[in-house]
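Please look at the sequence and the structure shown here before reading on.

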Amino acid sequence: MKNKTTRWSDRVIPILMITLTLLFVSLFLIIPLISIFTEAFRQGTRAYLESFKDEYAWSAIRLTLITAGIAVPMNVVFGVMAAWCITKFQFRGKNILITLIDLPFAISPVIAGLIFVLAFGQRTALGAWLIDHDIKIIFAAPGIVLATVFVTFPFVARELIPLMQEQGTLEEEAAVSLGAGGWSIFWRVTLPNIKWGLLYGLILCNARAMGEFGAVSVVSGHIRGETNTVPLYIETLYAGYSTVAAFSMATLLAGLAIITLIAKSIVEWKVKRGRRNTET
Amino acid sequence: MKKRSIIPGFGLTFGVTVTYLSLIVLLPLSLLVWNTASLTFTDFLKAVTSTQVLASYRLTFGASFFAALINAVFGFIAAWTLVRYRFPGRRILDALIDMPFAMPTAVSGIALTTIYASTGWVGSWFDRFGIQSAYSPLGVLIALTFIGLPFVVRTLQPTLEELDKEVEEAAESLGASRFQTFWRVILPSVWPALITGFTLAFARALGEYGSVVFISGNIPFETEITSLMIVAKLEQYDYAGATAISVVMLSVSFVLMLIINLSQYYARRVGR
């Protein structure tokens, strides 16, 4: 009798758990994802393509590309350096440094935007000086770039630190003893080991840089054709009841998100395989 | 313990890291504290305790708490399903869990609003029962659940993978019921991870802006979240008010970050 009930629950519990998971994931992830595309194509392909003929759409795309084009390389260089410093050396205050690097993740995007408005706004000495010299940072492209750099700051470092910690310093030390210099160690020994992790950090950083809304919204001033990035332009369109156009623009970012997820799966697979290869 | 490394580059990388960190993060952040210091205490108190702001705290903290709670329950179920069972589509499902991380919040915001509006795919179903899902506090809860979804799943997965199946089998062979095994064997070994995931989801929800402002409808005293109050103050050029509210929210985030670090430290000790 007891045996029978165990078997019964063995069969029912997995089905129940899988069903609940599917229900939860469908309600919160799958249906919203599909809806982006159905809304964009609601009035047909022509209406979809029509959304991209708008000059404001192109200026928003351009600004988003420029912003990511500056913020991502900066944070990649910083991320690699920070990871190198943290994982290859022992020094006091290391844990504090790691916590500080993670700090932008703990700060609300809106507050991230606010701190740049405060820093460069007309109320500070710096802000007043900038106005006198006719340099615009807030409510202009430089402010958008700065806010984006701030929010995407930890991505690369965060991806690399655990990876490089796991790999240790033995290979680099061997290279040093063979007479290799710092640059050639990095290019020939470290980089091949971390390339997949670095690539994934870069992709994540880029996805966030192109998609950031809260922080950029605070510093941008929402000037159509000038300081609207793609996410801000989506908001403008949506608020103006141009639903199809808003969702058409959204498909660009949704596509980017899907690529990011696929890249993550590939990188995880590569890293796992790399680990298995070094074990055998 | 302190051993000089023979690898070159410490001076350069340490210098660049600290300089960059100071310029991009620490300096602007200190300006926030500086700006607050220039406020008198009564002004500060008045800004952070106006009735509209108080209503926004209630909604933000309440909705974030329940969203994290929903995520703790369903996140556990999802993590368990992904770790323990093999079924078609599992890998795709696993990859999809990270979608709230990868999807820009504005896109999530308009997508959720469209499907949970009374004319939307899911919203119309709620509407049949007389429940308004978008443009209500429930909408805020939905957006915050979405945004916190990956945290619990991703913190639980490694813990569940390490869980020894033999211990569960032993418990069952000793006559424990399913419920007892779950309550006495599984839960005690995963609860530090569960709490970490819950706190991460809660912390993220508190500061969320993009995905909420569309679905909430921003009705004063009813569906305004605290992040929106900061933006609203800024739009009225009330920099002092915006700063004051930000300092309150920032303090809460730092306390939560401390709790997360402590619970992870504790989890590592339990693990050993």
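**The fold of chain B**

Helices, at least four residues long, and strands, at least two, are DSSP runs, numbered from the N terminus. The model discussed here is predicted.

With these terms, chain B has 13 helices and zero strands. Its pattern along the sequence is α-α-α-α-α-α-α-α-α-α-α-α-α. The C-alpha trace of chain B spans about 70 × 65 × 35 Å along its principal axes.

**The interface of chain A and chain B**

How many residues does each chain bring to the contact? Chain A gives 83 residues and chain B gives 80 residues. The size of an interface is often given as the accessible area lost when the parts come together. For chain A and chain B, the buried area is about 7700 Å², and 82% of it lies on carbon and sulfur atoms. On the side of chain A, the residues that lose the most area to chain B are A:Phe24, A:Phe28 and A:Leu29, which together account for 9% of what that side buries.

**Polar and charged links**

Between chain A and chain B, eight residue pairs are in polar contact, with both residues at pLDDT 80 or more. The rule finds one salt bridge across this interface. In a salt bridge, the side chain of A:Lys264 meets that of B:Asp98, with 2.6 Å from N to O.

Which element supplies the largest share of the side of chain A that touches chain B? Helix 1 of chain A (residues 2-40) does, with 23 residues. Sorted by class, the side of chain A that touches chain B holds 60 nonpolar, 15 polar and eight charged residues.

**The second largest pocket**

By class, the lining of the second largest pocket comprises 20 nonpolar, one polar and seven charged residues.

**Summary**

Conventions. Residues numbered from 1 in each chain as written. Chains lettered and ligands numbered in written order. Heavy atoms only, no water. Contact = heavy atoms within 4.5 Å. Buried area = accessible area lost by both parts, 1.4 Å probe. Salt bridge = Lys/Arg side-chain N within 4 Å of Asp/Glu carboxyl O. Polar contact = N/O pair within 3.5 Å; in protein donor to acceptor, adjacent residues only side chain to side chain. Nonpolar A, V, L, I, M, F, W, Y, C, P; charged D, E, K, R; others polar.
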